[in-house]
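Welcome! Please take a look at the sequence and the structure below, and then we can walk through some parts of it together.

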Amino acid sequence: MSVILDGARSSGLARTLAVKVVSAVVTLFFVLVCNFFLFRVLPADPAKNLTHNSALTASQLAAINRTFGLGLPLPRQFWNYLVQTFHGNLGRSFVNQLPVAQLIGQALWPTILLVGSATVLSTVIGIWIGIRGGWNRGGRFDKTSTAFVNVLYAMPDFWLGMVLLIAFAGSALRLFPDGGMHNFTGGSTGLAGVADVLWHLALPGLVLTLVYLAEYSLVMRSSLIDELKADYLLTARAKGLRDDLVRRRHAVPNALLPSVTLIMLNLGFVISGAITTETVFSWPGLGRLSYVALNAPDYPTLEGCFLLFSAAVILANLIGDLLLTVFDPRVRQA
Amino acid sequence: MLRSNSRPRLRLAAAGLALCAGLATAGPALAARSAPAGHLAPVTAAHGPTTFVVGNTDAVDTLNPFNGFTSQDFEVYGLIYDNLMDYGQLDYSGAPRLATSWSHSKDGLTWTYHIRKGVKWSDGVPLTAADVAYTFQRNIQPNSTEFADNEAYVGQITSAVATGPYTVVMKVRHYSPVMNRLIVPILPEHIWKNVSEKQLASFANNNPVGSGPFIVSSFSANQSITLKANPGYWGGKPGIKTLVFQRFDNPTAEKLALANGSIDFAEDLTPALWQSLKGTPGVKLINAPAGNFDELAFNNGAATVDNKPIGNGNPALTDINVRHAISYAINTSELVKKVLLGTGSPGTSVIPPIYAQFHYTPPASATYHYDPARASAILTADGWKLGPNGIRVKDGKQLTLRLFVRNQSPEQEQDAPYIVGWLKAVGIGVTTTSMSDSQLTADIGNGQYDMFMWGWGVEPNPDFQLSTFTCGQRSTGSAPNYTPGWSDSFYCDPAYDKLYSQQQGLDGAARAAVVKQMQQMLYLDDNYSLLYYWNDTQAYRSDLFTGFAPQPNQPNGLYLYQEVSWWSYRCIRPAGTSPSLTEHNIGCEHEIGAVTAATTSGVNGGLIGGIVAAVIVVALAGVLIARRRKTATADERE
Amino acid sequence: MNAVTSSGATDPVPAPGLESRPASPVPTPRQLARTRRRAALARFWREYRKDRRGMFGLVVLAVMIAVALAAPVLASSRGLNPIYATATPNAGPSLAYPLGTDADGRSVLTLLIWGSRNSLLVGLTATLISILIGALVGVVAGHFGSIRARAGRLTDNVLMRGTDWFLVVPFLPLAMVLARTLGPSLGVIILVIGLTSWAGTARIVRAQALAVETRPYLERAKALGAGHWHQMYRHVLPNVMPLLLANTILTVAGTILAETTLSFLGLGDPIRPTWGQMLGSAYEYGVGTGNLLWLLAPGIAVILVVLAFTLVGHALEAVLDPKLRER
C-alpha cells in the first residue's frame with residue numbers, strides 16, 4: 001500500500017483518500033477470509049478442549065458442536081462467521097467458553113498501555129537521538145549513539161527483558177515486581193492503584209522502549225542525512241541564508257515527516273510485537289493472550305487476536321498513508 | 001544549533017522519565033507500608049498479615065464443580081463446599097464432615113447417614129438432609145456428567161432419600177466399602193435445582209453458594225481467585241481472613257515471588273527452583289511424598305470397547321519383549337537424580353508407596369532395573385538385529401518409535417532427551433514431538449501414538465486409578481474422531497476386570513491383597529513403564545504463617561494440596577499469633593506449632609537474640625530459684 | 001597495443017619478421033565480461049575496506065562461520081547428550097566448563113558451539129527461501145506491472161494483494177500458528193520463517209524492478225522480440241541483484257532473530273540446540289536457580305552475529321548504492 005509506488009492517478013485529494021480507505025477495507029475483508037480458512041484448516045476439536053477429554057455422551061458432544069457452530073457446511077459457517085464478526089461476536093473460547101470479544105476486550109487495554117507508552121517514549125527519544133546524531137554526522141555523539149543503537153537493534157527483546165528482570169526484580173535489588181500488571185492481592189484503587197500499575201509497567205515498558213527506539217533513531221538519522229544533501233539547501237546557502245537556520249527550519253521538519261510516517265506504519269505491528277515481552281513479564285495483554293491460546297489450543301481466541309492484529313496494521317497503514325498524502329505535497333503528485 | 005527543536009522534546013522526555021522514575025520509587029514505598037513490622041520488609045509484600053497468598057502454575061478455570069479439571073479447581077471446591085466426609089488426616093480413613101456418623105444394614109445394602117445440625121449455606125439458608133439427598137440423586141443420574149465425575153464414589157448407589165431433616169438413607173446394589181468414604185461435595189438444592197442437565201455445561205456458578213470454610217469474594221478465570229473466610233463456619237473460624245490463589249505463567253516467576261514475599265506459599269515449583277530456595281531467610285521447604293507418578297506409556301494395541309483396532313501405533317510395541325527391553329533400558333534412578341534432583345523415587349507399580357497398605361512392591365528379581373545389556377539381549381533374541389545406522393531392524397522394518405511429550409510439563413520435557421539417548425544406546429530410534437495436553441489426549445483417544453509421557457495423581461481410594469485399566473474405559477465411537485475413555489493404556493484383560501469388581505466389595509486387608517494382585521498383573525504386562533514417583537516440593541514463608549496440618553501427619557507430609565483433603569486451610573494463622581486462634585477448629589488438633597525462622601542455615605539475628613534471651617531467662621530463673629531456696633530454708637529454719 | 005588477456009599478461013613481443021601480424025586476437029565478449037567483473041570486484045573490495053564497521057562485521061562473521069564449521073573439532077558431540085553428562089547441573093564456570101553447565105550438567109560452551117551451527121543454518125536457509133520467493137514475486141510483479149495491458153496489471157495486483165496479506169498479518173502470530181500445526185523441528189522452523197518473511201523483499205524488489213523496466217535497453221530488448229522470461233531473467237534480475245544482495249544480508253539478521261524468538265516460545269526443535277532454544281531452556285530451567293551464564297552466553301552470541309550481519313549489510317548497501325554512502 002505504498003503511496004509512492006501505487007499512486008492514485010487522480011487530482012482530487014478527496015478522491016485519493018477515498019481510494020485508500022476502500023483499499024484498506026478490501027484488505028481487511030481479504031484478511032477475514034484468510035483467517036477463517038486458516039483456522040478451519042487446522043485440526044480443532046473444541047469438545048475435547050472444553051471437557052478436557054473426559055467421557056462425553058453423544059448429546060453433550062452435539063450440544064458443544066452446536067455452541068461453536070461446527071458441523072454445519074463450510075459456506076454456512078463462513079457466512080455465520082462474517083455476520084457474527086460484523087456484529088462484534090468473535091465466538092467463544094475453547095478453553096473456558098467465555099466470549100472471545102470479552103477476553104480480547106480485557107486484554108486490549110494492558111497492551112495499549114504498555115505499547116502506547118513505549119511508543120511515545122521511544123519515538124521522542126529515538127527521534128531526538130537520530131536528529132542529534134545526523135546533525136553532526138561522524139561526531140562523538142553520533143558514533144556512540146549509533147553503536148549503542150545498533151547493539152540494541154541486534155538484541156532479542158525477550159533476552160533484554162529477562163536480563164532486566166533478573167537484574168532488578170530477582171536479585172537483591174528488588175526494585176521492581178517480577179511480573180503481572182497489578183499487585184494480585186489487589187484492592188489498590190485510586191492513586192495508589194495507578195502507582196501500582198505504573199510500577200509494574202516500568203520494566204516491560206523499558207524493554208519495549210529500548211527495542212523500538214533503536215529502529216526509530218536509525219530511521220530518523222538516515223532520513224535527516226538524506227535531507228541534508230538536498231538541492232534546496234544548496235540553493236538556500238547560495239542565496240546567503242544562514243546554514244543552521246535553514247537546516248532547522250526546513251531540513252528537520254522535512255526529514256521528520258517520512259520518519260514519523262514510517263513510525264506510524266510500524267505502529268500497527270507493535271501490538272503483536274509485544275508478545276514475547278508480555279510473556280516474560282506476565283503482562284496480561286493481547287500478546288500473552290494469543291500465546292496462551294496458542295498452547296491450549298484455543299482457536300477462536302487466536303482467530304480473534306489475529307483479526308485484531310491485522311486490523312491494527314491495516315488501520316495504522318491507512319493513517320500513515322493518509323498523513324503522508326495530506327501533509328507531503330511531493331507525494332500527492334505521484 | 002538545534003536547541004529550539006530539541007529542547008522542548010528533551011524536556012518532555014526528561015519529564016516523562018522523571019515521572020516514571022518517581023512513581024516507580026513511590027510504588028515500593030506504598031507497598032512496603034503494610035509489611036509486617038519487625039522483620040526485613042520484603043519489597044512487594046503489599047498484602048496484610050491475615051491474607052494468605054498461594055502461588056501455582058495452574059488456575060481455577062471454572063467454579064462449576066462438575067466442569068472442573070485442574071488441581072487448582074479441586075483445591076478450591078473443597079474450600080467453598082463441604083464434602084459429606086473427609087479423608088482422615090492421620091491415615092486416610094473416612095472422617096466425619098457434613099456426615100457426623102453413619103451405619104449400614106446387616107446385608108450392607110442400606111446405609112444411613114446422620115447430617116450435622118446447625119450448618120448454614122453462605123446465603124443464610126440452613127443446610128439439611130434434603131440438600132444431601134438432592135446432591136446424590138443428581139450424581140447418580142445415568143449418562144450424566146455428574147455421574148462420570150463422581151462414579152468412583154457413587155457408582156453403586158441406586159437411591160438417596162432424606163428420611164428426616166438430618167437423616168439420609170442410601171441404597172446400593174451390593175456392599176461397597178466406599179460408602180464409608182463418600183468424599184462428595186454437597187450442593188445447595190435451592191440453587192442447583194434451577195440448573196438443568198442441558199444447562200450444566202454452560203453454567204458458570206460465578207457466585208457459588210456453599211457451606212465451606214471460605215466464600216468466593218472475587219474470581220478471574222484462569223488468573224486468580226480471592227476467597228474470604230466464612231466467619232460463621234460450623235468447623236470454626238479460619239485463622240486467616242483472606243485467601244488468594246494466584247496463577248503464575250511459569251515457575252520462575254513464582255519462585256521470585258515467594259523469595260521476595262509477594263506470595264506466602266509456592267506450589268508446583270520445579271525441583272531446581274525449589275532447591276535454589278534453600279537458605280532463603282524466612283522460607284521453609286517441604287519435600288513431601290505424594291500420590292503422584294509419571295510414566296512412559298506404550299500403545300500396545302489401541303482398540304475400542306468393541307475390540308475394534310484403531311490408530312497407527314507401531315506394531316512392534318504389541319510385542320511384550322520390546323516393552324520389557326525399553327523398561328530395562330531406562331535408568332529411572334538417573335532421572336530421579338538429574339531431573340527430580342532427588343525429590344522422588346524410581347517408579348514400579350501404579351499405586352504409589354505413600355499408600356502403604358495398597359502399594360505393590362515387585363520382588364527384586366522381577367524389577368525392571370537399569371540394564372542396557374539385558375535390554376539389548378532381549379531385543380537380539382527377539383530377532384531385532386542392529387542395522388548399519390545403529391537402529392535395530394527385523395523383517396525389513398526399523399525399530400523407530402514416536403515419543404509424544406507434553407509441552408506443559410518442564411520435568412517431562414527434560415526427561416525426553418534422556419529417554420531418547422538411552423533407547424538409542426540399545427538400538428531403538430526415537431523421534432520426539434511436543435504438543436499440548438488436549439492434542440495429546442485426542443491422539444491417544446484415536447490410538448495415533450507409539451509412546452508418550454504423562455502422569456497421574458492417585459487419590460487415597462485406588463478405585464479410580466485401577467478402573468483406568470479396565471476394558472470398558474477404552475475409546476468408543478467411530479472414525480475419524482473417537483471419544484476417549486479414561487484409559488490411556490488400552491489395557492484389556494477380563495481377569496483384571498473380574499478382580500476390579502471383586503475389590504469393590506472388599507475392605508481392609510482382603511481388599512489390599514486383591515489390589516496388589518491387580519498391580520502385579522499390570523507390572524508384568526508392562527503397558528506403562530513407570531518412571532518415578534515425584535514428591536510435591538512445596539515452600540512457604542514460615543516467618544509469616546504457621547499452624548499447618550500436614551497429611552499424613554508428619555513433618556514431611558503435604559502442607560497444602562493434600563490428597564483430596566483440605567486440613568491446613570482451617571488451621572493456618574499468622575506467625576506470632578496464639579495457637580488458640582485455630583486449635584479448636586475441626587482437624588486442627590494436629591496442627592504444627594509455631595515454626596521459628598531459624599529453619600534456615602544462615603546466621604539469624606532472631607535466633608541469636610532468642611538464645612541470648614533464653615540464657616538470660618534461665619539465669620534469672622536460676623537466681624530466683626536459688627534466692628527462693630535460701631528464703632525457704634530460712635523460713636524452714638524459722 | 002597490447003591487449004590484456006584473461007591471464008592479465010601482455011602479449012609477448014612478436015618474433016622478428018612477424019611485426020606485421022596483428023598484436024593479439026580481439027578479446028571475446030566473455031573474456032571482456034570476466035575482466036570487467038574482476039575489476040569491479042576489486043573496486044568493490046577497495047571501497048568496502050574503507051568501511052570500518054563493515055570490516056568489523058565481516059571479521060565477526062568469518063569467525064562465527066569458522067566456529068560453526070569446526071564444531072566437531074572444537075567440542076565433542078557427545079557433550080550434547082544428557083545421558084553422558086556427569087557434571088553438577090547449573091554449575092558456575094570452571095576450568096573444564098568455562099561457561100558453566102546447564103540443568104542437565106552439559107557444558108554451556110559445547111552447546112554454544114554446536115548451537116551456532118543450527119542457528120546459522122536456520123538463518124541462512126530460511127533467508128534463502130525468503131529471498132527466492134520474494135525475488136520471484138517481486139520481479140514478476142514488477143515486470144508485468146509495467147506492461148500496459150490489463151492482464152499484466154491483473155497479475156501485478158493479485159501478487160501484490162497476496163503480498164499485502166503477508167505484510168499485514170503480523171509475522172509472529174502467523175509463524176506461531178504454523179509452527180504449532182506443523183510440529184516442532186528445524187525444518188519446519190526454516191520453512192515457517194521463510195514463508196512469513198518474503199513480503200518485505202518482494203516489495204523492495206518490485207519497486208526496483210519497476211524502475212529498471214523503464215530503462216531504454218529493456219525497451220530495445222522487447223522490440224527485438226525478447227519473451228517475458230528472457231526479459232526478467234536476463235535484464236531485470238541482474239539489475240535487481242545488488243539491491244537484493246544487501247537485502248539478503250539484512251534479512252539473515254532478521255531470520256536469526258526470528259528463530260531465537262520462535263525457539264524461546266517453545267516452538268523450535270527440542271533436540272537440536274540452537275541459541276534460541278538455549279535461551280528458552282535457560283529461562284525455564286536455569287535463571288531461577290541463579291545460572292546466569294547459560295542465559296547470557298547465547299544472548300551475547302546472537303547479538304554479535306546479528307550485529308555483524310547488519311553492519312555488513314549496511315556496508316554493502318553503501319558500496320553498491322553511492323547515494324547511501326557515508327551514512
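Let's begin with two strands of chain B: S18 (residues 400-406) and S20 (residues 451-457) run parallel to each other and are joined over 2 bridges. Within this pair, Leu403(B) has Met451(B) of S20(B) opposite it. Please keep in mind as you explore that this is a predicted model.

Both strands belong to an open sheet of 6 strands in chain B, and its order is S14-S21-S13-S20-S18-S19, with mixed pairing. Which strands stand at the edges? They are S14 (344-346) and S19 of chain B; each has a single partner strand, so one side of each is left without a neighbour in the sheet. On average, and with direction ignored, neighbouring strands here are turned by 25° against each other. A helix lies against this sheet too: H12(B) packs on it and touches S13 (292-298), S18, S19, S20 and S21 (528-534) of chain B. The direction of H12(B) makes about 165° with that of S19(B).

## Other strand pairings in chain B

Chain B also has an open sheet of 3 strands, ordered S15-S16-S17, in which the pairing is antiparallel. At its edges are S15 (385-386) and S17 (397-398) of chain B, each of which pairs on one side only. Strand S16 (residues 392-394) of chain B is linked to S17(B) by 2 bridges, and here Val393(B) is found opposite Gln398(B) of S17(B).

Another pairing to look for is that of S6 (residues 157-164) with S7 (residues 167-172) of chain B, an antiparallel one with 6 bridges. How many residues does the hairpin use to join S6(B) to S7(B)? The hairpin passes through 2 residues. One of the bridges in this pair brings Ile157(B) together with Val172(B) of S7(B).

## Where chains B and C touch

Now for the contact between two chains: 20 residues of chain B and 19 residues of chain C take part. On the side of chain B, the elements that give two or more residues are helices H7 (251-259), H8 (271-276) and H12 (410-425), together with strand S19 (429-435). Which of the elements gives the most to this side? The answer is H12(B), with 8 residues. Sorted by class, the side of chain B that touches chain C holds 8 nonpolar, 9 polar and 3 charged residues.

## A look at chain A

In chain A, the secondary structure is made up of 15 helices and 0 strands. The chain has 334 residues, and 49% of them count as buried. Among its contacts with a separation of 6 or more, 72% are between residues 24 or more positions apart.

Helix H13 (residues 286-295) of chain A is mostly covered, with 8 of its 10 residues buried. Among these buried residues are Leu286(A), Leu289(A), Tyr291(A) and Leu294(A), as well as Arg288(A).

## How confident is the model of chain B?

For chain B the mean pLDDT is 84, and 85% of the residues reach 70 or more. Over residues 1-45 of chain B, however, the pLDDT is below 50, and the model gives this stretch 60 contacts beyond near neighbours in sequence. Residues 630-638 of chain B also stay under 50 in pLDDT, and for them the model has 0 contacts beyond four places in sequence.

Notes
Residues numbered from 1 in each chain as written. Chains lettered and ligands numbered in written order. Predicted model: local features only at pLDDT ≥ 70, side-chain atom pairs only at ≥ 80, totals over all residues. Contact = placed C-beta atoms within 7 Å. Helix = DSSP H or I, 4+ residues; strand = E, 2+ residues; numbered from the N terminus. Nonpolar A, V, L, I, M, F, W, Y, C, P; charged D, E, K, R; others polar. Buried ≥ 20, exposed ≤ 12 C-beta atoms within 10 Å, placed from the backbone. Pairing = 2+ DSSP bridges. Axes fitted to C-alpha atoms, helices over the stretch in contact; angles between N-to-C directions. pLDDT = per-residue confidence, 0-100.
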